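Student: I am new to this structure and would like to learn how to read it. Can we go through a few features one by one?

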Amino acid sequence: MNKILSILEDIFSKNYVCSLCLTRLFYNPNSKKIELNLGKKLKNKFKKYILQKKRNIIIKNLYKNSKVCILCKNLFFNIKKIILNIIYKIQFYEFNTFCVGIKIPSDIIKIEDEIRTKYEITSGDSLKSFFNKILCRIISKRTGKKVDFYNPDLKIIYDMKNDKIVIEPSSIYVYGRYIKNKRGIRQTREYCDYCRGSGCSECNYTGYSKEPSIEGYILPVFKEKFNAEDSILHASGREDIDVITINTGRPFVVEVRRPLKRNVELKQIEDEINKKANGDILVKNLQFVNRNVMKKIKVLSKYEEKTYLLKVKFERPVTKQTLDFIVSQLTNRVISQRTPTRVLYRRKDMVRYKMVYSVEYKQIDKNIVEFTIKCQGGLYVKELAHGDNNRTNPSIASLANMNVEVLSLDVISISPELEKKLNLS
Ligand SMILES: [Zn+2]
Ligand SMILES: [Zn+2]
C-alpha cells in the first residue's frame, strides 16, 4: 500500500487521474466482481495520508473537477452518455450476441505506457480492455444479450477521438442451390444502361437492368427480408446465359451485408423467389451457414465434379467408330485449355488443365449427337466441343476432324455430395 501511496503522491503533485482510472490501474482483473469503488477508496486513503503530510496542493489536484484525467481524457466521466447512446442505436438491430470495442488515440496510449513504465505498474487493465469489460457487462445486463468476441452479431465500436458510436452488424450467410429451367437468363445482374448503377426512373431506382438474371431474382428478396444494405451471390461456378442448370441445381451462398434483421424465416424467402421467378428458376435447400462455407465453396468449385449434357451438330454425318474413338480419347483425359476467345476480354489469357472423367453419347441424327460429360469444375465445355481454334486440346472437333457446332448445353449435376462434405443438411 505504501508503494501505491507514494506513486499517487508523485502523480497527483502534477496531474489529475479519475477514480475509475485508479480502479483500473490497481484492481485485480482476474477476480469475478469488478470492485469499481477501489479508486474512490484509494483516493480517500491517499487524502488522509497527504493531510498528515500537509501537502495541500495535492489535495486540490485530487478533486478538482475542471481538470482532465490524463489517463482517459475524462472518458469515464462521459460513460453514462455513451451507454445511453449505444442502447439507443442498437435498438434498430436484431441480434443475439455482441461485443464492444474502442478506438483510442495513440497519444492517450502513450501517456499510460509512460506512467506504467515510470512507476512499474503492471497490475490492472489497459483503458481498452477495461472500457470493453465495463460496457459489455452493462449492455448485456440492459439488453439481455450475450457477449461474444469471436463471432458476434453486432460489433459496437466507440471512436474516442470523434466521440462517435459505430455499429457493425456482421454479415449473414445463407447456403442453397438454384435450378435454372430457362435459357436466356444471365447469372449476374447487369447495371442499368441509363444510370450505370446509380438508380433512375428507367430501372425503378434499383440501378440494375430489368433483364432477368439469377442475381436479379434472388438478391433483392434477401436484401428486403433481412432489411440489409446489400446482398451478394457467391455461386459455385459461372454459367452462360444460354445454359440451363437442372437436377441437382447449382450451389451458392448469399452474403447479406449489414442486416437490420436476423431472425428471418428462410422458407418465406424461398417461396417468394420461386413465386416471382414463375418456374424459370427455383431455389431450394436454403439454410444458415457460417462464413467458412462460402470460402470452401469458392475453392471447391474449381475441383468439384460437374456433369453436362452437350448437344452438338457435326459438319458431316458421323459414324459410330468416330464417336467411340472420341469417347476413348476423352475418358480420364487432361484437357489443355487456353482462355476461350469469347471471354478473353475479361479473363487473363492463360492455359488451364482440367480433367474429363467420363463421356457417354447418344446419336440423335446422322450428324446430331448428345454427349453426357462428367468433368472437373472450371472446364469450358463449349470449347471442348468446337476446339476454339485449337486453343482447347483435344476437342470433339479435333478428334472427329471436322467442325462442330454447339446446339445446347445443360448442367445436369454439380457436386451432388457437397452438402455431405460441408456437414450441411
Ligand atoms: Zn480516467
Ligand atoms: Zn437506372
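Predicted model: local features only at pLDDT ≥ 70, side-chain atom pairs only at ≥ 80, totals over all residues.

Student: How many helices and strands does the chain have?

Tutor: The secondary structure comes to 14 helices and 14 strands. The radius of gyration of the chain is 33 Å, well over the 22 Å that the globule rule gives for 425 residues, so the chain is more spread out than a compact globule. Taken along the principal axes, the box filled by the C-alpha atoms is roughly 115 × 45 × 40 Å.

Student: How should I read a pair of packed helices?

Tutor: Two packed helices are described by the angle between their axes and by the distance between those axes. Take α8 (residues 214–225) and α9 (residues 266–277): they pack at an angle of about 140°, and their axes are 10 Å apart. Angles over 145 degrees would count as roughly antiparallel; α8 and α9 are therefore oblique to each other. Their crossing is right-handed.

Student: Which residues of α8 and α9 meet?

Tutor: From α8 come Tyr217, Ile218, Val221, Phe222 and Lys225. In α9 they meet Gln268, Ile269, Glu272, Ile273, Lys276 and Ala277. The residues of this contact of α8 with α9 divide into 7 nonpolar, 1 polar and 3 charged.

Student: What should I look for in the backbone itself?

Tutor: Most residues other than glycine have a negative phi, and most peptide bonds are trans. Asn204 is not a glycine, yet has a positive phi of about 55°. Asn204 sits in the loop between β5 (172–180) and α8.

Student: Which residues does a cis peptide bond join?

Tutor: The cis bond joins Asn393 and Pro394, with omega about -10°.

Student: Where is Pro394 placed?

Tutor: Pro394 lies in the loop between β13 (392–393) and α13 (396–400).

Key. Residues numbered from 1 in each chain as written. Chains lettered and ligands numbered in written order. Axes fitted to C-alpha atoms, helices over the stretch in contact; angles between N-to-C directions. Helix = DSSP H or I, 4+ residues; strand = E, 2+ residues; numbered from the N terminus. Parallel < 35°, antiparallel > 145°, perpendicular 65-115°, else oblique. Left-handed = near helix turned anticlockwise from the far one by under 90°. Contact = placed C-beta atoms within 7 Å. Nonpolar A, V, L, I, M, F, W, Y, C, P; charged D, E, K, R; others polar. Rg over C-alpha atoms; globule rule 2.2 N^0.38 Å.
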